[in-house]
Amino acid sequence: RTKNNMNVIIALLNMQARKANNPDLDEVFELIQNRIKAMSLVYDQLQRSENFNSINLKYYLNSLTYGLGASLIHDPRQIKLNIESEEIPITLTQAVPVGIVLNEIVTNAMKHAFPDNRKGWIFIKARRFENDEIEISVQDNGIGYGGGREIPREDSLGLQVVKMLVEDQLNGTSEIIEKEGLLHRIKFKLDD
């Protein structure tokens, strides 16, 4: 039922975007829709899971990333997506904020790292350490901040969303490193 409700919200946003017929609003509606889709995917994965308390992070990352790629990358030869993850069970309470955070980071890379149809790659890696700490990194080989990419302000909505969800809901850390493009890394401890 929750997934159906989210699909109704997405449909309403689509209708409103068509009615507004404003390119600036179209982009805002698209961002909101992708955030809702990230949450909806959790419930989709939950339905397919044998355990209704957790989902498999590996499959969730694949669904989320390739779904974003299908909607944001117009030429699949332009940006190569690569995902490497162990099969990690993650609770629903952690999967939703992880999905929204990754939606923000991956969307930013797809939209801004490769201007003027520049070709490149985005690599997403998730791994679990012995102490149940999870590290998820998103790296691109785009233009970085030195290549003309706008450095996000601390008060930008995207960075606020990432910071709030990682620190407040996941009790984790987030960092951005300029390294052959950008590397964004989040770390948090798995729920019991």
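The model is predicted, and every value below is computed from it. In the helix pair, the axes of α4 and α5 come within 9 Å, and the two helices are roughly antiparallel to each other. The strand residues are T91, placed in β3, and I55, placed in β1, while the loop residues are D116 and E180.

**Helices α4 and α5**

- Two packed helices are described by the angle between their axes and the distance between the axes.
- For helix α4 (residues 92-112) and helix α5 (residues 157-169), the axes come within 9 Å and cross at roughly 150°.
- Angles over 145 degrees count as roughly antiparallel, and α4 and α5 are therefore roughly antiparallel to each other.
- The crossing of these two helices, α4 and α5, is left-handed.
- On the α4 side the contact is made by P97, I100, V101, E104 and I105, which meet G158, V161, V162, L165, V166 and Q169 on the α5 side.
- Sorted by class, the contact of α4 with α5 has 8 nonpolar, 2 polar and 1 charged residues.

**T91 in strand β3**

- T91 lies in strand β3, which spans residues 89-91, and, leaving aside residues up to four places away in sequence, T91 touches N53, S54 and D191.
- The side chain of T91 makes a polar contact with the side chain of D191 at 3.3 Å, and the T91 side chain also makes a polar contact with the side chain of T93 at 3.2 Å.
- Between T91 and N56 there are 8.9 Å from C-alpha to C-alpha, with the two residues 35 residues apart in sequence.

**I55 in strand β1**

- I55 belongs to strand β1, made up of residues 54-56, and counts as buried because its relative accessibility is 4%, where buried means under 20%.
- I55 and Q94 are 39 residues apart along the chain, and their C-alpha atoms are separated by 10.0 Å.

**Loop residues with a positive phi**

- Most residues other than glycine have a negative phi.
- D116, although not a glycine, has a positive phi of about 55°; D116 sits in the loop between α4 and β4 (120-128) and counts as exposed because its relative accessibility is 77%.
- E180, also not a glycine, has a positive phi of about 45°; E180 is found in the loop between β6 (173-178) and β7 (182-189) and, at 56% relative accessibility, counts as exposed.

Technical notes. Residues are numbered from 1 along each chain as its sequence is written. This is a predicted model: local features need pLDDT of at least 70, side-chain atom pairs count only at pLDDT 80 or more; totals for chains, interfaces and linings use all residues. Side-chain values use heavy atoms; hydrogens and water are left out. Helices (H or I, at least four residues) and strands (E, at least two) are DSSP runs, numbered from the N terminus. Contact means heavy atoms within 4.5 Å. A polar contact is a pair of N or O atoms within 3.5 Å; within protein, one must be able to donate a hydrogen and the other to accept it, and residues adjacent in sequence count only if both atoms are side-chain atoms. Axes are lines fitted to C-alpha atoms, for helices over the stretch in contact, and angles run from 0 to 180 degrees between N-to-C directions. Angles under 35 degrees count as roughly parallel, over 145 as roughly antiparallel, 65 to 115 as roughly perpendicular and the rest as oblique. A crossing is left-handed if the near helix is turned anticlockwise from the far one by less than a right angle, and right-handed if clockwise. Ala, Val, Leu, Ile, Met, Phe, Trp, Tyr, Cys and Pro count as nonpolar, Asp, Glu, Lys and Arg as charged, and the others, Gly among them, as polar. Buried means under 20% relative accessible area, exposed over 50%, partly exposed in between (1.4 Å probe, protein chains only).
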